[in-house]
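Work through these exercises with the model open beside you. Try each task before you read its solution.

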Amino acid sequence: MAKPGPNPASALYRHRGRYRLETFHDPALGRLAACRTTPGTGEGVILLNSAAGPTELETYFKGGSGSRTSLQKKAVLARLADQGWPWEKIAALTGSKTGTRRFLILHEISHLNHGDHKTYGKMDEESRIAVETRACAEALTAMAKTMAMASAKATAVKKRQRPGQTEEKREALRFRAASL
């Protein structure tokens with residue numbers, strides 16, 4: 001019996017079980033994130049730009065930073081819209097610093113899991129856009145699944161509430177559901 005693949009909505013979604021997160025600071029936003037593997041260990045390393053937030057993500061995706069990768073993301077954004085991910089839907093998931101970081105991490109994990117970092121430099125522009133579109137779609141799908149699961153848990157907690165329960169108990173249940 002085949003083992004199921006990694007669940008991208010899970011906090012346990014890892015590149016071969018391991019990855020490390022590092023940050024760098026680039027206010028010019030030449031890039032928001034990158035990934036590589038450590039020679040010998042195969043450990044995935046995700047590099048995040050500490051200057052990246054929701055506003056910077058939008059500027060980057062709409063080609064506003066002027067870098068080659070930013071202009072590439074403009075083409076990716078058009079393809080994502082064709083796949084059911086218009087900017088408004090993306091912004092709803094990435095509208096906070098945490099949401100932006102989560103998206104960037106999941107995006108880079110997709111690259112690591114597919115081995116894109118090994119062949120990316122040899123790809124033509126069309127292939128790069130296809131790879132970036134896939135990584136973005138996988139990250140957004142994982143985030144949407146996570147949001148749906150959290151919403152379902154919150155709904156389940158609400159259904160368990162009993163008449164006469166104090167507001168303090170209800171609040172404790174809501175807090176518990178949110179932290180799951």
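## Exercise 1: A salt bridge and its neighbours

The side chains of Glu 22 and Arg 20 form a salt bridge, with N and O 2.9 Å apart. Keep in mind that this model is predicted.

**Task.** Show that the pair Glu 22 and Arg 20 meets the distance rule for a salt bridge. Then find which residues share one network of salt bridges.

**Solution.** 

Step 1. The rule asks for a side-chain nitrogen of Lys or Arg within 4 Å of a carboxyl oxygen of Asp or Glu. For Glu 22 and Arg 20, the N to O distance is 2.9 Å.

Step 2. Look at Glu 22 again. Its side chain also meets that of Arg 36 in a salt bridge, at 3.6 Å from N to O. Glu 22 lies in strand S1 and Arg 36 in strand S2, 14 residues apart, and the pair links distant parts of the chain.

Step 3. Check the accessibility. Partly exposed covers the range between buried, under 20%, and exposed, over 50%. Glu 22 has a relative accessible area of 26%, so it is partly exposed. Arg 20 is partly exposed at 30%. Arg 36 is partly exposed too, at 34%.

Step 4. Turn to another pair. Arg 134 and Glu 138 form a salt bridge through their side chains, 3.8 Å from N to O. Both sit in helix H6 (residues 125-160), and because they are four residues apart, about one helical turn separates them. Arg 134 is partly exposed, with a relative accessible area of 24%. Glu 138 is partly exposed as well, at 26%.

Step 5. Now join the bridges. The rule gives a count of eight salt bridges.

## Exercise 2: Reading the sheet

**Task.** In what order do the three strands of the open sheet lie? Which strands are at the edges?

**Solution.** 

Step 1. The order is S1-S3-S2, and the pairing is mixed.

Step 2. The edge strands are S1 (19-24) and S2 (33-37), since each pairs on one side only. Neighbouring strands of this sheet are turned by 20° against each other on average, direction ignored.

Step 3. Take one pairing. S1 and S3 (residues 44-49) run in the parallel sense over six bridges. Arg 20 stands opposite Val 45 in S3.

## Exercise 3: Two angles for one helix

Two packed helices are described by the angle between their axes and the distance between the axes.

**Task.** Is H1 oblique or roughly perpendicular to H4? How does H1 stand to H2, and what makes up the contact in each case?

**Solution.** 

Step 1. H1 (residues 54-61) and H4 (residues 97-114) pack at about 50°, with axes 8 Å apart. This angle makes H1 oblique to H4.

Step 2. List the residues. H1 gives Pro 54, Leu 57 and Phe 61, while H4 gives Lys 97, Thr 100, Phe 103 and Leu 104. By class, this contact of H1 with H4 has five nonpolar, one polar and one charged residues.

Step 3. Now take H2 (residues 68-82). The axes of H1 and H2 cross at roughly 85° and come within 7 Å. Roughly perpendicular covers 65 to 115 degrees. H1 and H2 are therefore roughly perpendicular.

Step 4. Thr 59, Tyr 60 and Phe 61 of H1 meet Thr 69, Ser 70, Lys 73, Lys 74, Val 76, Leu 77 and Leu 80 of H2. The contact of H1 with H2 has five nonpolar, three polar and two charged residues.

## Exercise 4: One histidine, then the whole chain

**Task.** Is His 107 buried or exposed? Which elements does the chain hold?

**Solution.** 

Step 1. Find His 107 in helix H4. Its relative accessible area is 4%, so His 107 is buried.

Step 2. Leave out residues up to four places away in sequence. His 107 then touches Glu 132, Ala 135, Cys 136 and Ala 139.

Step 3. Step back. The chain has seven helices and three strands. From the N terminus on, they run β-β-β-α-α-α-α-α-α-α.

Step 4. Of the 180 residues in the chain, 37% are buried.

Note on methods. Residues numbered from 1 in each chain as written. Predicted model: local features only at pLDDT ≥ 70, side-chain atom pairs only at ≥ 80, totals over all residues. Heavy atoms only, no water. Axes fitted to C-alpha atoms, helices over the stretch in contact; angles between N-to-C directions. Helix = DSSP H or I, 4+ residues; strand = E, 2+ residues; numbered from the N terminus. Parallel < 35°, antiparallel > 145°, perpendicular 65-115°, else oblique. Contact = heavy atoms within 4.5 Å. Nonpolar A, V, L, I, M, F, W, Y, C, P; charged D, E, K, R; others polar. Pairing = 2+ DSSP bridges. Buried < 20%, exposed > 50% of the residue type's maximum accessible area, 1.4 Å probe, protein only.
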